[in-house]
Every structure is written in C-alpha cells, then in structure tokens.
Amino acid sequence: MLDIKFVRANPEAVRENIRKKFQEEKLPLVDEVLERDQKFRETKTRCDNLRAQRNTISKQIGGLMGKGLREEAEQAKAQVTAMAKELEELEELETKLEAEIRERMMVIPNIIDPSVPIGRDDSENVEVERFGEPTVPPFEVPYHVEIMERLNGIDLDSARKTSGNGFYYLCGDIARLHSAILSYARDFMIDRGFTYYIPPFMIRSNVVNGVMSFAEMENMMYKIEGEDLYLIGTSEHSMIGKFIDTMLDEDKLPQTLTSYSPCFRKEVGAHGIEERGVYRIHQFEKQEMIVVCKPEDSAAWYDKLWKNTVDFFRSLDIPVRTLECCSGDLADLKVKSVDVEAWSPRQKKYFEVGSCSNLGDAQARRLGIRVRNKEKGNYFAHTLNNTVVAPPRMLIAFLENNLNDDGSVRIPQPLRMYMGGKDAIRP
C-alpha cells in the first residue's frame with residue numbers, strides 16, 4: 001500500500017506506474033482516492049474545530065449559570081447539543097471515507113523499481129544470468145514420476161483416492177531425499193547467519209490482507225470454515241505477520257530469518273493441477289528466507305537473497321539461471337522480483353524453482369511494522385522474501401540432473417550425511 005502523501009504529491013507517477021503494469025482498469029482509483037482524501041481532510045478539520053468550539057462553550061456554561069445568566073446558559077447548551085449532533089454525523093462520514101480510501105489504496109499497485117523491464121506477462125520476463133553448464137545426457141531422461149516410481153518412491157494413485165488430484169505419497173528413499181534436501185537447506189541458511197523458525201501454519205485474515213493482494217488470496221489460500229483462519233501458502237505469510245503492529249529498534253535490524261513449513265495452495269488459474277506429476281500441487285514443503293531491514297539496505301539484501309538460492313542449487317550440481325520479472329508479471333505489492341529457474345535435461349529448458357522479491361514498505365505499511373529512530377523519526381521497514389528450496393518441485397530438477405543411465409540417482413556430497421551416507425539411490 002502506498003503512502004497517501006505520495007499519492008497526493010505524485011498522482012501522475014502513480015498513474016504511469018499502473019500503466020506500466022498494464023492495469024489501466026485501475027486508473028480511476030487514483031482520482032477516487034484523491035477526491036475522498038480531500039473530503040476526508042476537510043471533514044477531519046471541521047470535526048477538530050467543532051470539538052474545540054464545543055469544549056470552549058461547555059466551559060462557559062458553568063460560568064454563565066454562576067452569574068445567574070440562565071437564558072444564556074440554556075442557549076449555550078442548545079448550541080453544544082447541535083454541535084454534538086453535527087459532530088456525530090461528521091465522525092461517521094470520516095470513518096466511511098477512511099475505509100473507502102483504504103479499500104482503494106489496497107488495490108493500487110506498489111511503485112516498481114526503475115530497473116524492472118516493462119512487459120505484459122511472464123512471457124516477457126528477461127534472462128539475467130546462467131550458473132553452471134546445462135547438459136543433456138546421452139540416454140533418455142524419463143518423466144520425473146517414472147523415475148520416482150522405478151525407485152518405489154511415489155504413490156499418486158493412493159493419494160488420488162484419499163485426497164484427489166494435486167496430492168501424493170512419497171515413500172522410501174525418495175521420501176528420505178525430500179527430507180534430506182530440506183534439512184540441508186535449513187543448515188545451509190543457518191550457516192549464512194539466518195535464524196531458523198518453524199512458524200504457525202494458519203494465520204488470521206488481517207495478516208493475510210497485510211502480506212498479499214486480495215486477488216492472490218482468492219487464487220491461493222484455503223480458508224478454515226467457521227473460523228478467522230487461513231492455511232498458509234508459504235511461511236513468508238507467518239514470518240512477516242510475526243512483526244505485525246511492532247516498533248523495531250533500528251540497531252536490531254536487519255532481521256534475517258529462515259523458516260520451514262508445509263504450504264497449501266488452491267492453484268487456481270490457467271496452469272491447473274497435474275494429474276500425473278508433482279510440479280503444480282495443492283500441498284508441498286518449503287524452506288524460505290525472510291529479511292526485515294532499513295529501506296536503504298533492501299536493494300543489497302535483495303541481491304544477497306537470490307544469490308543464496310543460486311549457491312544452494314549449484315552446491316548440488318544443478319545448473320540454474322535467473323530471470324528478471326517484468327512489470328506485468330509482478331504481484332501488486334512487489335517492487336522488484338527475480339525467479340530462479342533450474343535446468344531440466346528431459347525438457348531441455350529451465351523451469352521455476354524459486355522466487356525472490358523486494359516488497360519495499362508495502363507489507364510493513366499494511367501491517368504496521370515500524371522502525372524507531374529518535375533523530376529522523378519513525379519509519380516503515382522494508383521486507384523481502386525468497387525461496388531457498390521447495391521440494392517436491394525441486395526433486396524434479398534434482399532427479400533429472402543426477403540420473404544415471406542404469407536408473408540410479410547420484411547423491412551429491414552435501415546430502416550424504418542426511419541420507420545415512422548413501423552415495424546413490426538405486427532401483
């Protein structure tokens with residue numbers, strides 16, 4: 001959510017930002033906000049004046065009564081009563097206008113970074129850099145489910161009976177590999193100075209509205225019937241929500257956190273749920289990284305975060321690339337975002353395995369996350385998040401890039417201590 005002062009001072013910049021995101025249907029919101037803001041400020045000023053006048057006259061009534069000026073006192077009382085009635089009506093209008101302004105401000109997109117490429121959708125995202133040499137083995141690489149099935153590691157048919165499409169049973173060494181990757185990711189981030197968390201897996205609606213847009217919420221989140229609780233789509237939701245309505249000491253920044261959680265997503269949209277696969281599913285697990293920092297430090301942390309993911313995948317010998325998200329592909333709260341994509345030898349192309357985002361002060365402004373500074377005044381923090389790893393999607397890249405021609409899967413050195421010393425998974 002933008003600062004209303006910024007919208008007042010820079011309405012054309014806000015409109016141009018909306019155009020850059022190809023959301024022209026939101027252009028009228030700027031004028032609607034400005035009109036209501038003007039009326040809100042006029043109403044508030046009138047309310048303040050009425051309160052001051054009422055207090056002054058109320059103090060005079062006792063003096064008038066003491067002097068025996070009963071008629072004048074009664075006139076003053078009538079005046080106070082009239083003021084109270086007008087004040088009640090104005091306060092109702094003030095509350096109504098404030099709600100209407102916030103409703104519209106929540107929909108106006110955040111100002112994107114000047115470096116963001118302009119494009120309509122993800123087809124216009126821009127490759128930035130490649131890490132590792134993508135290779136295709138001299139033998140056929142099967143579909144990832146076939147690899148898992150040959151290793152007795154997945155059961156989609158049983159999951160379909162218990163839960164429907166978009167769910168899975170992992171078992172045996174594949175299940176162990178899944179856990180090993182998460183354990184390695186946890187320790188990888190702890191070694192880089194991040195504090196490990198396991199957060200709540202359900203959050204209230206005020207936190208949901210603070211961390212994401214309404215459209216994202218509708219397409220992603222499962223609501224718990226009869227309760228003000230939602231299943232999280234990522235632990236970022238809980239971890240940013242942890243700071244709701246807090247005043248942070250500046251010397252305690254940055255807050256660098258890494259969190260594990262299961263994630264639950266509707267996956268509503270064009271992509272849909274795979275019937276035979278674990279790329280797009282309703283339930284998965286993820287290791288996340290979150291930073292809360294000073295505004296002047298967020299650009300540097302953004303680069304550190306996506307590099308952590310690149311380093312993690314390269315430590316497991318998986319080639320990756322970074323892809324800068326264009327303006328039309330950015331969620332409304334994001335200032336800048338880059339996807340990390342892993343190489344698929346089977347498809348001979350890259351696919352998304354993580355996303356790093358700088359949200360500026362958008363989440364902090366919605367959730368009331370402030371930083372205390374006695375000299376310059378208190379201000380809103382900046383928040384960032386990034387995926388360390390999200391199996392089982394990451395398993396696709398891992399299995400394809402470590403598959404041997406005999407159907408076994410090589411275990412890179414960093415994972416062997418989590419796999420009981422095994423150097424391979426064999427049929």
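1. A salt bridge is counted where a side-chain nitrogen of Lys or Arg lies within 4 Å of a carboxyl oxygen of Asp or Glu. By this rule, one salt bridge is found across the interface of domain 1 and domain 2, and the count comes to 32 salt bridges. The model is predicted: local features need pLDDT of at least 70 and side-chain atom pairs count only at pLDDT 80 or more, while totals for chains, interfaces and linings use all residues. Residues are numbered from 1 along each chain as its sequence is written, and side-chain values use heavy atoms, with hydrogens and water left out.

2. The domain assignment gives domain 1 (4–107) and domain 2 (122–425); such bounds come from an automatic or database domain assignment. The C-alpha centres of the two domains lie 45 Å apart. Eight residues of domain 1 are in contact with seven residues of domain 2, contact meaning heavy atoms within 4.5 Å. The area buried between the domains is about 590 Å², of which carbon and sulfur atoms give 36%; buried area is the accessible area (1.4 Å probe) that two parts lose on being put together, summed over both. In domain 1, Lys 21, Arg 102 and Met 106 lose the most area to domain 2, together 70% of what that side buries.

3. Asp 3 pairs with Arg 365, with the closest N and O atoms 4.0 Å apart. Asp 3 lies in the segment before α1 (4–9) and Arg 365 in helix α12 (residues 362–367), so this pair ties together parts 362 residues apart in sequence. Helices (H or I, at least four residues) and strands (E, at least two) are DSSP runs, numbered from the N terminus. Asp 3 is partly exposed, with a relative accessible area of 28%, whereas Arg 365 counts as buried at 17%. Buried means under 20% relative accessible area, exposed over 50%, and partly exposed in between (1.4 Å probe, protein chains only).

4. Arg 321 forms a salt bridge with Glu 127, the closest N and O atoms being 2.5 Å apart. Since Arg 321 lies in strand β11 (residues 320–324) and Glu 127 in strand β1 (residues 126–131), the pair ties together parts 194 residues apart in sequence. Arg 321 is buried at 16% relative accessibility, while Glu 127 is partly exposed at 33%.

5. The largest nonpolar core has 61 residues, and Leu 177, Phe 312 and Phe 398 are among those with the most contacts inside it. Helix α7 (residues 172–191) gives the most to this core, with nine residues. A second, separate core of 25 residues includes Met 212, Leu 257, Val 292 and Ala 381. A nonpolar core is a set of buried Ala, Val, Leu, Ile, Met, Phe, Trp, Tyr and Cys residues joined through side-chain atoms within 4.5 Å. In helix α13 (residues 393–401), nine of nine residues are buried.

6. An unreviewed UniProt entry lists Thr 234, Arg 265, Glu 288 and Asn 385 under "binding site"; positions follow the numbering used here, feature names are shortened, and annotations may be inferred rather than shown by experiment. Thr 234 is in the loop between β7 (230–231) and α10 (235–241) and is buried, at 4% relative accessibility. Leaving aside residues up to four places away in sequence, Thr 234 touches Arg 265 and Glu 288, among others.
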